[in-house]
Amino acid sequence: YWDPVVAEYVDYGVHVVMRCCEAFRGFLKRIGESDAVSFAPSLSIPLWCGGRRHLLRSSPLPGPLHLLPSLLHDLPLTWSQRLSAMRAGAALWSASPGTLADVTFDVWLSHHRQDAQTRAVLWHPVVIATLNAPASRVSAAAAQKVFLDGVLQRRGAGLGFFQRPLSRISASAVSYIEAHGGTASLRSAVHKIVVQQGQVRGLRLTTGEFLEADTIISAVPPKDLASLLPRTAAMEVALPAQQALKGSPIVNVHLWLDRPVLDEVLWIAADAPIQTAFDVTRLRPPSGTARYHHLAISQSAASEWLKSSDAQIVDRCLHALAPLAPRVASAHLVHARVIRHPQATFIPAPGVDRHRPRPVCGIRGLYLAGDWTATGWPSTLEGAVRSGILAAGRATASSSEMADGVDVTPML
Ligand SMILES: Cc1cc2nc3c(=O)[nH]c(=O)nc-3n(C[C@H](O)[C@H](O)[C@H](O)COP(=O)(O)OP(=O)(O)OC[C@H]3O[C@@H](n4cnc5c(N)ncnc54)[C@H](O)[C@@H]3O)c2cc1C
């Protein structure tokens, strides 16, 4: 959205992608936005713990060993905790995902003798930041996906920061569609998907207009899809996922200050009342119009915060920032905006994957996409793009291999 107070486009939700998000990177390339995300050359995440700053960072060692020096030297763990974390990391690396699907990551960590400090320093910050839920609510399979693809694999690790607002990137996607002979209709929502004798016939828009179609790819969330379909179709196609996938909130707090207060573009706090801080001004190239320094706090699994007023949340953030970014005490807060996303992402709880549908459903001509469908990924931009590739592959039947195997390399 455009914020007139600070003359800046602001993302409602601050987004980060990891180097392992190959389909999303392929999507950016296809729409001419390859440079929209700037990737750090390797993993390097400042982590505040016990009032001190530590660094979880890659070394030149190959494979999962690349984090070993950091684990041994940078993190505030005893030698026995480090050894135990290494054993658990090796077990996670080699576990078959099928054995992890029905157990919470918390239970899995207990089985692997991870004590409270090791969880707080190593496992929990990554789980909360990537899965938007605590280890007690996510499956060990979802945690394994994140740790294997985005942390332990050297080539998949590394954070990517958006260089421009997401709205600019979606505008490029629209241009891509139009340049290829398509039309993007952004002013009219879909009122109903018209189905006759088990076959889609078209879309009724909220304007009353009818668009005839024998093939439709739906990319709306399951709750919206349920309201668009005839009742029996909704019960079969959308309701199982709607009931199984529980949402989890994220609260983003945007603060504009008269000076920079962070020493780096991002840090995570393991044991503070705030989780992740971004220096948005430093993350993005200078815009020429921005007058103030933009700091964003992203709070995942933020149910508690939903109950607080904006003023209370801003106060809490400034208070929590004080010991971690002392310059905040002398900075002047020019403007603040609190944005609540009560259902930001779905929780990848044990067992939910079996309720995530594949693109082909019981209605002929209707194909399902969206991050909530069966992508093998948690609720992410990567999952959303993969779902679109899968559904389009099925709908056009032009690349069944791509649709079956989630082979996204043609997009890269
Ligand atoms: C605050 C926040 C932070 C996040 N951070 C990250 C991150 O750092 N990294 C990451 O990878 N992911 C992140 N995510 C998750 C990511 O944004 C989602 O996984 C992704 O956007 C899902 O895409 P989607 O296309 O499946 O669904 P959506 O983005 O929900 O899109 C569905 C669209 O359907 C539209 N729609 C609904 N009903 C209708 C209708 N009747 N007619 C027409 N249109 C309709 C909606 O308006 C919406 O635009 C974050 C999410 C939030 C909320």
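## Aspartate 258 and arginine 259

Aspartate 258 is partly exposed, with a relative accessibility of 36%. In this predicted model, its side chain forms a salt bridge with arginine 259, and the closest N and O atoms lie 3.1 Å apart. Arginine 259 is likewise partly exposed, its relative accessible area being 33%. Both values fall in the intermediate class because a residue counts as buried under 20% and as exposed over 50%.

## Salt bridges within helices

The search of the whole structure returns 15 salt bridges. One of them links the side chains of aspartate 149 and lysine 145, with an N to O distance of 2.7 Å. These two residues belong to helix α6, which spans residues 140–152. Because aspartate 149 and lysine 145 are four residues apart in that helix, about one helical turn separates them. Aspartate 149 has a relative accessibility of 21% and is therefore classed as partly exposed; lysine 145, at 24%, is also partly exposed.

A further salt bridge joins glutamate 382 to arginine 386, where the closest N and O atoms are 2.6 Å apart. Helix α14, covering residues 381–396, contains both partners. Their spacing of four residues places glutamate 382 and arginine 386 about one helical turn from each other. Both glutamate 382 and arginine 386 are buried. Elsewhere, salt bridges with shared partners connect Glu33, Asp35 and Arg164 in one network.

Strand β14 comprises residues 276–279 and is covered on both faces. Thr276 and Phe278 lie on one side, Ala277 and Asp279 lie on the other, and all four are buried.

Strand β14 pairs with strand β13 (residues 266–269) in the antiparallel sense, over three bridges. A hairpin of six residues connects β13 to β14. Within this pairing, isoleucine 268 stands opposite threonine 276 of β14. Threonine 276 is thus one of the buried residues of the strand.

Strand β14 also pairs with strand β15, which runs over residues 293–300; this pairing is antiparallel and has four bridges. Here phenylalanine 278 stands opposite alanine 296 in β15.

Terms used. Residues numbered from 1 in each chain as written. Predicted model: local features only at pLDDT ≥ 70, side-chain atom pairs only at ≥ 80, totals over all residues. Heavy atoms only, no water. Salt bridge = Lys/Arg side-chain N within 4 Å of Asp/Glu carboxyl O. Buried < 20%, exposed > 50% of the residue type's maximum accessible area, 1.4 Å probe, protein only. Pairing = 2+ DSSP bridges.
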